[in-house]
Amino acid sequence: MRPRKKDKHLPPCVFLKHGAYWYVKGGKWRRLAAESDLPSALAEYARQHKIKSGGMAGLIEKAIPYICAGKAESTAKKYKGKAAYLQVLMADFAPHEVTQRDVVAIRRELQDHSSVCNRTINVLRMVFDYALEEGVLDTNPCVGVKGIPPNYRDRLMTFAEFEAIQKHAGPILAVVMDLCYLTGQRIGDVLKMKKSDLTEDGIFVSQKKGRGKVRMIIRWNPDLRMVVDASLALNTDEKSAYILPGYRTGKPPSYGTIWAQYNKARNKAGVPDVVIHDMRAKSGTEAEEQGIDPQKLL
């Protein structure tokens, strides 16, 4: 098999095409998961390949509950995705056979994707920490292997681009975009905003920050009030606790669905290099221009 020139973080025979991950072999295409859900794609790949229970694959399987204990659901999902990838990658290894050189090889293979690389190595490091505690090994081959410096985006979305994308957006995505811009919050936090978060003074926000939480009020202004009213008008489910209508009763919109809709809208608008997270950066930049501390907002 020829070595990959792109998408080196994916297992053999897995490709990203048409907004989804696919397993391609013998001319047959099997869909694994949506483009926005790499952890599920890796987990499904591992399931279909019936990873053998011994060796590194077995150690990783045993370590997953230890790794995910006490973690947020979204973090645990990402860890499980990386664990599934490592199970495939290291299926032929026994724990004692893994050397620091092997870990460096994994880092080199994933170096073009800093966040994926660092999270993968971090999961592997925790797997070997588990092995140390269980007395399986005496050393951790990940010790001393440095992470890849993150590739910070410096792309600033313009108002013209924002409006062009929103023009091709459906009503729910359009409201989500406005909320992301006006509040400066992460897309996941915006989607989970509840009716009970709406106070007389503004929107109450509680974010996880490391092992603690950051709590604040985003005060009302005419634009924010109008967008929140628009989202409530869209949500006809009276029993829903959320301000945004979901595609399942009582649930908020899923990140994967919103991301897929945004991807289509930005492509139709002709600005494919602007990701959904750039709206948060835009909000912070303009807050700073207005004399507001962007760190407190973001």
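Visitor: Which residues of helix 3 are buried?

Guide: Ala76, Tyr79, Gly81, Lys82, Ala83, Ala84, Tyr85, Leu86, Gln87 and Val88 are buried in helix 3. Buried is under 20% relative accessible area, exposed is over 50%, and partly exposed lies in between (1.4 Å probe, protein chains only). Helices (H or I, at least four residues) and strands (E, at least two) are DSSP runs numbered from the N terminus. The model is predicted: local features need pLDDT of at least 70 and side-chain atom pairs pLDDT 80 or more, while totals for chains, interfaces and linings use all residues. Residues are numbered from 1 along each chain as its sequence is written, and side-chain values use heavy atoms, without hydrogens or water.

Visitor: What span should helix 3 have, and how far apart are its end C-alpha atoms?

Guide: The expected span is 1.5 Å times one less than the number of residues. Helix 3 has 17 residues, so it should span 24 Å, and its end C-alpha atoms are 24 Å apart, in agreement.

Visitor: How many residues are in the largest nonpolar core?

Guide: A nonpolar core is a set of buried Ala, Val, Leu, Ile, Met, Phe, Trp, Tyr and Cys residues joined through side-chain atoms within 4.5 Å. The largest one here has 43 residues, and Met56, Val123, Leu124 and Val127 have the most contacts inside it. Elements giving it two or more residues include strand 2 (20-25), strand 3 (28-34), helix 3 (73-89) and helix 5 (114-133). Helix 5 gives the most, with 9 residues.

Visitor: Which residues does valine 123 touch?

Guide: Contact means heavy atoms within 4.5 Å. Leaving out residues up to four places away in sequence, valine 123 touches Ile67, Tyr79, Lys82, Ala83 and Leu86.

Visitor: In what order do the strands of the open sheet stand?

Guide: Strands of a sheet pair through backbone hydrogen bonds, either parallel or antiparallel. Pairing is called here if DSSP finds at least two bridges between two strands. The open sheet has 3 strands in the order 1-2-3, paired antiparallel.

Visitor: How many bridges join strand 1 to strand 2?

Guide: 4 bridges join them. Leucine 16 stands opposite tyrosine 21, and lysine 17 has alanine 20 as its bridge partner. The hairpin of strand 1 and strand 2 has 2 residues between the strands, and histidine 18 in the turn has a positive phi of about 55°.

Visitor: How many bridges join strand 2 to strand 3?

Guide: Strand 2 and strand 3 are joined by 6 bridges and run antiparallel, with lysine 28 as the bridge partner of lysine 25. In their hairpin, which has 2 residues between the strands, glycine 26 takes a positive phi near 60°. Strand 2 is mostly covered, with 5 of its 6 residues buried.

Visitor: Is arginine 31 buried or partly exposed?

Guide: Arginine 31, in strand 3, is partly exposed, with a relative accessible area of 48%. Leaving aside neighbours within four places in sequence, arginine 31 contacts Ala20, Tyr21 and Trp22. Arginine 31 and valine 14 are 17 residues apart in sequence and 9.5 Å apart in space, C-alpha to C-alpha.
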